[in-house]
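Hi everyone, thanks for making time for this. I'd like to walk you through one model, so let me put the sequence and the structure up on the screen.

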Amino acid sequence: MDLRRVKNEEKLVLCKKYYLAGFFILPFLWFINTVWFFNEAFRKPEYTEQAQIRTYVIRSMIGSVVWMAIIITWVVIFQTHRTSWGVAGENLAFIIPTGSL
């Protein structure tokens, strides 16, 4: 979608939908929202809906960073402790079996 062809009111509605959808275990949409609407929020000349779009973009950016930190923390903890967790850790692991050549 080319944002240059979309009305400012529709941009606001779309930005808000992406922001709200991020709360439904889809934090990747916050990242998409940040990338897609960054120029609209911070680089375009002022217009009425821009302040609200800027708010959604900033919140989406914060949400993306928080989720990224959570995921990285989980991966590090899991990889360093999975053997000590025993069977529970091994059941959570995804291992691709390799055959002998």
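This is a predicted model: local features need pLDDT of at least 70, side-chain atom pairs count only at pLDDT 80 or more; totals for chains, interfaces and linings use all residues.

Now, is Ser 60 buried or exposed? Ser 60 is buried, and its relative accessible area comes out at 0%. If we skip residues up to four places away in sequence, Ser 60 touches Tyr 19, Trp 30, Asn 33 and Thr 34.

Stepping back, the protein chain has four helices and zero strands. Read from the N terminus, the order of elements is α-α-α-α. Of its 101 residues, 26% count as buried. Among contacts with a separation of 6 or more, 42% are between residues 24 or more positions apart.

On to the helix pairs. Two packed helices are described by the angle between their axes and by the distance between those axes.

Take α1 and α2 to begin with. Their axes are 8 Å apart, and the packing angle is about 155 degrees. The cut-off for roughly antiparallel is over 145 degrees, so α1 is roughly antiparallel to α2. The crossing of α1 past α2 is left-handed. On the α1 side, the contact is made by Lys 11, Leu 14, Cys 15, Tyr 18, Tyr 19 and Ala 21. From α2 come Leu 29, Trp 30, Ile 32, Asn 33, Trp 36, Phe 37 and Glu 40. By class, the residues of this contact of α1 with α2 are ten nonpolar, one polar and two charged.

What about α1 and α3: at what angle do they pack? The angle is about 20 degrees, with the axes 10 Å apart. Angles under 35 degrees count as roughly parallel, and therefore α1 and α3 are roughly parallel to each other. Here too we have a left-handed crossing, α1 passing α3. In this contact, Lys 11, Leu 12, Cys 15, Lys 16 and Tyr 19 of α1 meet Gln 52, Ile 53, Tyr 56, Val 57, Arg 59 and our friend Ser 60 of α3. Those residues divide into six nonpolar, two polar and three charged.

The remaining pair for today is α2 and α3. They pack at about 145 degrees with axes 8 Å apart, and their crossing is left-handed. The residues that α2 brings to this contact include Trp 30, Asn 33, Thr 34 and Phe 37. On the α3 side we find, among others, Ile 53, Tyr 56, Val 57, Ser 60 and Trp 67. The tally by class is twelve nonpolar, six polar and two charged residues.

So which residues make up the largest nonpolar core? There are eleven: Leu 3, Leu 12, Cys 15, Tyr 19, Trp 30, Phe 37, Ala 41, Tyr 47, Ile 53, Tyr 56 and Val 57. The elements giving two or more residues to this core are α1 (8-21), α2 (28-42) and α3 (50-81). As general background, in soluble globular proteins nonpolar side chains tend to be buried together.

Leaving out neighbours within four places in sequence, Tyr 47 is in contact with Asn 8, Lys 11, Glu 40 and Ile 53.

Terms used
Residues are numbered from 1 along each chain as its sequence is written. Side-chain values use heavy atoms; hydrogens and water are left out. A nonpolar core is a set of buried Ala, Val, Leu, Ile, Met, Phe, Trp, Tyr and Cys residues joined through side-chain atoms within 4.5 Å. Buried means under 20% relative accessible area, exposed over 50%, partly exposed in between (1.4 Å probe, protein chains only). Contact means heavy atoms within 4.5 Å. Axes are lines fitted to C-alpha atoms, for helices over the stretch in contact, and angles run from 0 to 180 degrees between N-to-C directions. Angles under 35 degrees count as roughly parallel, over 145 as roughly antiparallel, 65 to 115 as roughly perpendicular and the rest as oblique. A crossing is left-handed if the near helix is turned anticlockwise from the far one by less than a right angle, and right-handed if clockwise. Ala, Val, Leu, Ile, Met, Phe, Trp, Tyr, Cys and Pro count as nonpolar, Asp, Glu, Lys and Arg as charged, and the others, Gly among them, as polar.
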